[in-house]
Amino acid sequence: MSAILRAAGLVFLLLAPGLGSGQGVPAGDARAVRAVIEAQLAAFRRDDAARAFSYAAPGIRDSFGTPEKFMAMVREQYAVVYRPRSVSFEEPLIVGEDLIQPVRMTDGYGHAWMAIYPMAKQPDGHWRINGCHLARLPARET
């Protein structure tokens with residue numbers, strides 16, 4: 001399944017009534033996941049490529065190789081994540097065996113987005129970002 005279809009499916013699940021309640025996500029994991037995403041967003045704001053890259057899961061880091069390549073990709077393909085005007089965390093949820101953190105964002109033009117962050121718990125117990133799938137929401141925020 002393509003990443004776009006997967007993201008669209010996840011957005012549907014999140015927006016469907018009664019779904020996305022976050023049941024089964026321990027409070028400590030929910031706090032840790034949010035902290036990692038917030039730290040990466042803060043690193044993007046400071047243009048700190050090395051720090052932003054450090055929050056990515058090993059497979060993501062391997063695929064880009066350097067913090068500079070990673071940051072260039074985020075700037076070009078994930079502008080709303082690179083410079084969100086607003087950020088609002090939804091409740092995390094378990095989809096299959098994956099912990100997913102949905103985050104509503106607004107870009108500089110006022111367009112609403114849902115960023116879906118699959119998270120990967122590392123052997124040392126730390127959470128890392130294992131991708132980000134964006135879906136434009138039909139509503140326009142102001």
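## Briefing on a predicted protein chain

Residues are numbered from 1 along each chain as its sequence is written, and side-chain values use heavy atoms, with hydrogens and water left out.

**Whole chain**

- Buried residues (under 20% relative accessible area, with exposed over 50% and partly exposed in between, for a 1.4 Å probe and protein chains only) make up 43% of the 142 residues in the protein chain.
- The accessible surface, computed by the Shrake-Rupley method with a 1.4 Å probe, comes to about 7800 Å², and 54% of that surface belongs to carbon and sulfur atoms.
- Of the contacts (heavy atoms within 4.5 Å) between residues at least 6 apart in sequence, 50% join residues at least 24 apart.

**Helix 2 and Gln40**

- Helix 2 (residues 27–45) has 19 residues and reaches 27 Å from its first C-alpha to its last, close to the 27 Å expected at 1.5 Å a residue, where the expected span is 1.5 Å times one less than the number of residues.
- The buried residues of helix 2 include Val33, Val36, Ile37, Gln40, Leu41 and Phe44.
- Gln40, which has its place in helix 2, is buried with a relative accessible area of 3%, and, leaving aside neighbours within four places in sequence, Gln40 is in contact with Ala52, Tyr55, Ala56, Phe70, Tyr117 and Ile129.
- Just after helix 2, Asp47 takes a positive phi of about 55°.

**Largest pocket**

- The largest pocket has a volume of about 210 Å³; a pocket here is an open set of points on a 1 Å grid over the protein atoms alone, with protein on both sides within 12 Å along at least five of seven lines, and lining residues have an atom within 4 Å of a point.
- Of the 15 residues that line this pocket, the closest to its centre are Phe70, Met73, Tyr78, Gly131 and Cys132.
- Helix 2, helix 4 (58–64) and helix 5 (67–77) each supply at least two lining residues, and the largest share, three residues, comes from helix 5.
- By class, the lining has twelve nonpolar, three polar and no charged residues, where Asp, Glu, Lys and Arg count as charged, Ala, Val, Leu, Ile, Met, Phe, Trp, Tyr, Cys and Pro as nonpolar, and the others, Gly among them, as polar.

Note on methods
This is a predicted model: local features need pLDDT of at least 70, side-chain atom pairs count only at pLDDT 80 or more; totals for chains, interfaces and linings use all residues. Helices (H or I, at least four residues) and strands (E, at least two) are DSSP runs, numbered from the N terminus. On a 1 Å grid over the protein atoms alone, a cavity is a set of points where a 1.4 Å probe fits but cannot get out, and a pocket is an open set with protein on both sides within 12 Å along at least five of seven lines; lining residues have an atom within 4 Å of a point. Grid points are joined across faces, edges and corners, and a volume is the space filled by probe spheres set on the points.
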